[in-house]
Amino acid sequence: MLDLREHQVTARDKLRNGSILYGLVGTGKSRTAVAYYEKYESPKDVYVITTAKKRDSWDWEREFAAIACGTEHTAHGKLVVDSWNNIDKYIDVQGAFFIFDEQRLVGNGAWVKAFYKIAKKNAHINTESDPWESKNNWILLSGTPGDTWMDYAPVFIANGFFKNITEFRAKHVVMEPFSKFPKIKGYLNETKLELMRNHVLVEMPYEKHTKRMVNEWPVQHDKEAFKQVTVNRWNIYEDRPIRDVAEMFRLMRRVVNEDPSRLDEVLKIQKMHKKIIVFYTFDYELDALRQGIGCKVPQAEWNGHKKEAIPDTDKWIYLVQYVAGAEGWNCTETDAMVFYSQTYSWKNFEQAQGRIDRLDTPFTNLYYYVLMSDSLIDRAIKGSLSEKKLFNERKAARELFGTGNVVELFPSVELPAAA
């Protein structure tokens with residue numbers, strides 16, 4: 001049997017087929033999932049659907065090696081690890097156990113449809129003993145809870161609570177009337193939805209030995225350039241009027257994030273900690289970081305362009321793009337992280353912090369530096385993240401400028417004629 005910590009044993013024994021194992025990054029969800037398989041699902045074949053990064057890093061093979069389970073049949077079943085991009089390859093598998101790692105079930109796209117075929121109760125099953133038997137048993141691992149009830153809909157459907165997404169919407173979703181695009185106004189009978197969530201969600205609370213020290217680190221921004229964008233609605237990079245709300249927010253972020261004071265503060269923080277991870281959003285930030293750091297400090301990158309190892313030196317700066325590197329890897333060599341710019345997603349922000357907040361880190365105090373100007377955009381994003389919400393540009397436009405209406409915000413822009 002695997003050697004587990006107390007919180008992992010508790011979670012393992014609460015799990016059942018169709019559960020979501022929820023725990024902050026670093027709590028040992030993978031190990032708990034392996035222990036659950038060992039105790040309750042072996043000797044079935046086990047399939048792990050995870051991120052391409054974790055598939056290629058062999059993380060799951062190492063976890064299962066602890067119970068002598070691998071790609072060949074032993075006392076346990078055979079292990080198969082693959083990415084979400086290849087989930088369609090396994091829709092005909094039956095009688096196995098699936099671990100869906102890193103929640104990717106959003107909306108009603110191809111991944112969700114494949115998930116239903118693999119996991120849904122009463123799917124392609126003819127049995128007299130249990131008409132609601134699952135085609136395959138499964139659990140789902142998540143480092144962040146759902147933001148909305150729609151995030152839980154695929155799991156509720158796969159558990160047999162609803163026949164399909166149409167029934168879920170009919171019973172619980174209220175749509176915004178007269179909206180140009182489908183927009184959810186609210187939810188009905190949330191007490192019932194909470195009961196369903198409590199049934200499927202297994203949390204892994206534990207006493208952490210680490211303490212997160214989140215510091216709001218002041219930086220400057222070009223107020224005149226910011227005024228040109230927000231007041232004059234002018235694209236200062238292309239010398240023309242701004243076309244829409246999305247462009248205005250993109251430009252606000254660029255004016256703020258490109259300020260050279262941010263690079264100065266990164267170098268100051270690196271002198272305090274020697275080894276730091278820097279999260280950024282856009283390529284222009286990466287260009288500024290590359291040029292500004294130069295040969296001063298050894299550096300490496302994890303993004304859509306490069307996937308480099310952390311430098312094997314006594315000091316370094318590791319540049320990580322939010323989308324590419326907010327999950328699926330970890331580092332216990334440093335106690336410090338810098339957020340060069342803010343992400344719109346609280347999930348990404350939380351997952352990024354967890355890269356150094358691990359059970360096996362030798363550090364107790366972990367230091368996070370959020371570079372923050374006094375601009376409207378930085379304050380607005382901060383407010384959204386503090387409420388654990390996804391930042392919404394149109395909502396922010398109404399709050400900051402009194403309207404999210406394109407015509408009111410950009411009266412000089414000619415809109416296409418109505419069809």
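**Local features of the predicted model**

W58 is exposed, with a relative accessible area of 52% (exposed means over 50% relative accessible area, buried under 20% and partly exposed in between, with a 1.4 Å probe and protein chains only). The structure is a predicted model, in which local features need pLDDT of at least 70, side-chain atom pairs count only at pLDDT 80 or more, and totals for chains, interfaces and linings use all residues. Residues are numbered from 1 along each chain as its sequence is written, and side-chain values use heavy atoms, with hydrogens and water left out.

W58 is found in the loop between α3 (52-56) and α4 (helices are DSSP runs of H or I with at least four residues, strands are DSSP runs of E with at least two, and both are numbered from the N terminus). Although W58 is not a glycine, its phi is positive, at about 65°. A positive phi, near 55°, also occurs in R233, a residue other than glycine. R233 lies in the loop between α9 (223-230) and β10 (234-235). With a relative accessibility of 18%, R233 counts as buried.

Helix α2 covers residues 29-41 and includes E41. E41 is buried, with a relative accessible area of 6%. Its side chain is joined to that of K44 by a polar contact of 2.9 Å and to that of N137 by a polar contact of 3.1 Å. A polar contact is a pair of N or O atoms within 3.5 Å; within protein, one atom must be able to donate a hydrogen and the other to accept it, and residues adjacent in sequence count only if both atoms are side-chain atoms. When residues up to four places away in sequence are not counted, E41 touches Y36, F97 and N137 (contact means heavy atoms within 4.5 Å). In the loop between α2 and β2 lies P43. The peptide bond from S42 to P43 is cis, with omega near 15°.

Strand β2 (residues 46-50) is mostly covered, and five of its five residues are buried. V46, V48 and T50 point one way from β2, whereas Y47 and I49 point the other way. β2 runs parallel to strand β3 (residues 79-83), and five bridges join the two (strands pair if DSSP finds at least two bridges between them). The bridge partner of V48 in β3 is V81. β2 also runs parallel to strand β4 (residues 97-100), to which it is joined by four bridges. In β4, F97 stands opposite V46. F97 is also one of the residues that E41 touches.

Pockets and cavities were searched for on a 1 Å grid over the protein atoms alone: a cavity is a set of points where a 1.4 Å probe fits but cannot get out, a pocket is an open set with protein on both sides within 12 Å along at least five of seven lines, and lining residues have an atom within 4 Å of a point. Grid points are joined across faces, edges and corners, and a volume is the space filled by probe spheres set on the points.

The second largest pocket has a volume of about 650 Å³. It is lined by 27 residues, of which G28, S30, E63, N330 and R358 are the closest to its centre. The elements that give two or more residues to this lining are α2 and α4 (59-65). α4 gives the most, with four residues. By class, the lining has six nonpolar, eight polar and 13 charged residues. Ala, Val, Leu, Ile, Met, Phe, Trp, Tyr, Cys and Pro count as nonpolar, Asp, Glu, Lys and Arg as charged, and the others, Gly among them, as polar.

A search of the whole structure finds two cavities of 30 Å³ or more. The volume of the second largest cavity is about 40 Å³. Its lining consists of R253, V256, N257, S341, Q342, I377, D378 and I381. Helices α10 (245-257) and α15 (376-386) are the elements that give two or more residues to this lining. Three of the lining residues are nonpolar, three are polar and two are charged.

E333 is placed in the loop between α13 (322-325) and β15 (336-339). E333 is partly exposed, with a relative accessible area of 43%. Residues up to four places away in sequence aside, E333 touches K275, I310, W316 and F363. E333 and I310 are 23 residues apart in sequence, and their C-alpha atoms are 9.4 Å apart in space.
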